[in-house]
Amino acid sequence: MTAPSTRQRPTGFSLTSGSRGELVLAPLIGLYLGYAVVRLPEVFAQLAVPRGPMIAMLLFVVLLALVIPSDAWRLIWERSKPIRLVTLILGIVMVTVPLGIWPSGSLAFLQGRYIISVVIFLTCLVFLRDRRALRIAAVVFVLSVTAVSAEVLATYNPNAVVFDEYGEPIDPAIVAMRPELRRLRVVGVGLDSNDFGAILATAFPLALWLSVGSVGRRLLWTGAAGIMVMAIIPTQSRGSMLGMLAGATVVIGTGARGWRRALTVLLVGTGIAGFLYMAIRSGAGDRFGDFSGTDYNLTNEGRIYFWKQGMVWMIKRPWGFGIDNFPTYFGIMNGPERAAHSSWVQYGMELGVIGLATFALLCHTLVTGLRAMRRAAVAARDLDPAAESLEIQAGHMLAMLAGVLMTGTFLSNAYNPLMYMALGMCAATLLGSPFAVAPPYAANSNASRASPPGGTGRRRRVFVPAASPHSH
C-alpha cells in the first residue's frame, strides 16, 4: 500500500511545479494574452506587429512541442479531462467543416481564428499549471486590461457630438431622449464594446485574486479592479454588467474567508455603488434597468428571437451547420446576417447536439473540479501551509469562469480567445493542484474506522494533500 508507483514519470517534469524555463515564459504568456485576448495593438497602435497573434501562436506551438516531452503529454492527457474534451470539440469542428452549409468559410475560420483559441487553451493549461506561473501571467494580463480601461476612461467623452450612419450630427434633443446613442461603440480600432465588457468581467476576479496578500497588493490590484468597474459604464453592456456581478458574487461566496470575505464584500459593494452612480450620471441608468416588454431583445431584432431560431435549427439539423455559420444561415433565412448572441446557441447550432453537450460537460467538469479542489484545500488547511492560497485560487478561478460564461450567454464568444483563456486557466489550476483523490484502500480504511461496532459506515470521498512545492 505504501510502495511507490511503478508508473514511469517524465524526467524533470512535475504537474504541481514548473521548471525555471517555464516560469520565464509566464510573463510572455501574459503579454500574448494581452495581444490575442485584450487586443492591445487595436488600442495602442505603437504595439502593433503585422500578424503578431499568429506569429506568437506559432511560437508557442513550437515551445509546447519542444519544452514538454512526449511522456509528459501522456501524463497530462491522463490527468486532465478538460484537455480531452477540448480535443473532442476540435474534432467535432473538423468533422462538421465538410458537412456544414459553407465549408470554405468554416475552414477559413478554423485556420485563422479557432486554432489560435485552442493554442491559447493548451498554453495556459500546460505552462500555467504552476501557481506561481499563473500568477505572473495574470499580472501581465490584468495590467493590459487596466491599461485599456484607463485609456477608455481618459478618451471617452459623454458630451461629444453624436453622428448618424450618414455622418450627419444628430439633434441634441433626440440624443437627450435616447442616452444609448452616447454609448461607446468601439474600443480602439475594432474591439467591440460588448466584447470589451466581457473582458472586463473576466479580468475583474483575477484582479481581486492578485489583491490577496500584503497591503501594497490590495491597494494596487483593488485599484485596478475599480478602474475596470468604471470602464464598463461607457459600454452600457448589460450582459457584461451581469457577468461582473456573477463573478463578484462567486468571489464573495467562495473566494475569501473570514475577514477577507467581509473586506471583499465591502470592496465589491463599493464598486457596485460606484457602477450605479456612474450609470445614472452618464444617462445609461434607464438602459441598465430596461428589461421590460419594450426591450429590443424581446422583438424579432433581439436575442430571444436569435436564440429560438438557433435552437430550432439545431433540432432540425442535429449534426450542426458548421463552425461560424450561424450568421450565414441567418442571412439566408432572414436577410441581413446576425450573430447568435450566445455561446450556447453557437455551439448547439453550429456544432450540433454533440458539440453543445461536450461544451456543457467541459464547463461542468471545471466547476465541479474547482469546487472539489476548494473543499480539499479547506480540509487540509491544518496540514499544508499552501492550502489557504490554493483555496483562494480555486474560488477566484470559479469566479472568473462564472464571469466569462455569464457574458458568453449574451455574446457570441463561443470560440473566442477570451473563452479559451478562461477555460485553460481553470484547467491549469486543476492540473497543478497538489491535492489528489485518495486511492480506494484509503477510503475503505477510513470508512471502516468510522463504522460503529456492528454497523456499516458510509463511505465518503477523502482528499489527500500531495507534496506541495510551495509549502517548503
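Q: Which residues lie nearest the centre of the largest pocket, and how many line it?
A: Arg39, Arg113, Asp195, Asn416 and Pro417 lie nearest its centre, and 38 residues line the largest pocket. A pocket here is an open set of points on a 1 Å grid over the protein atoms alone, where a 1.4 Å probe fits, with protein on both sides within 12 Å along at least five of seven lines; lining residues have an atom within 4 Å of a point.

Q: What kind of model is this?
A: This is a predicted model: local features need pLDDT of at least 70, side-chain atom pairs count only at pLDDT 80 or more, and totals for chains, interfaces and linings use all residues. Residues are numbered from 1 along each chain as its sequence is written, and side-chain values use heavy atoms, with hydrogens and water left out.

Q: Back to the pocket. How much space lies in it?
A: About 910 Å³. That volume is the space filled by probe spheres set on the grid points, which are joined across faces, edges and corners.

Q: Which element gives the largest share of the lining?
A: Helix 5, with six residues. Elements giving two or more include helix 1 (20–38), strand 2 (191–192) and helix 17 (417–431). Helices (H or I, at least four residues) and strands (E, at least two) are DSSP runs, numbered from the N terminus.

Q: And the lining by class?
A: It has 20 nonpolar, nine polar and nine charged residues. Ala, Val, Leu, Ile, Met, Phe, Trp, Tyr, Cys and Pro count as nonpolar, Asp, Glu, Lys and Arg as charged, and the others, Gly among them, as polar.

Q: Where is arginine 39?
A: In the loop between helix 1 and helix 2. Arginine 39 has a positive phi of about 60 degrees, although it is not a glycine.

Q: Why does arginine 39 count as partly exposed?
A: Because its relative accessibility is 24%. Buried means under 20% relative accessible area, exposed over 50%, partly exposed in between (1.4 Å probe, protein chains only).

Q: What about histidine 341?
A: Histidine 341 also has a positive phi of about 60 degrees and is not a glycine. Its loop runs between helix 14 and helix 15.

Q: New topic. Which residues have the most contacts inside the largest nonpolar core?
A: Tyr114, Phe141 and Met425, in a core of 112 residues. A nonpolar core is a set of buried Ala, Val, Leu, Ile, Met, Phe, Trp, Tyr and Cys residues joined through side-chain atoms within 4.5 Å.

Q: What does tyrosine 114 touch?
A: Its partners include Ile89, Phe109 and Tyr420, not counting residues up to four places away in sequence. Contact means heavy atoms within 4.5 Å.
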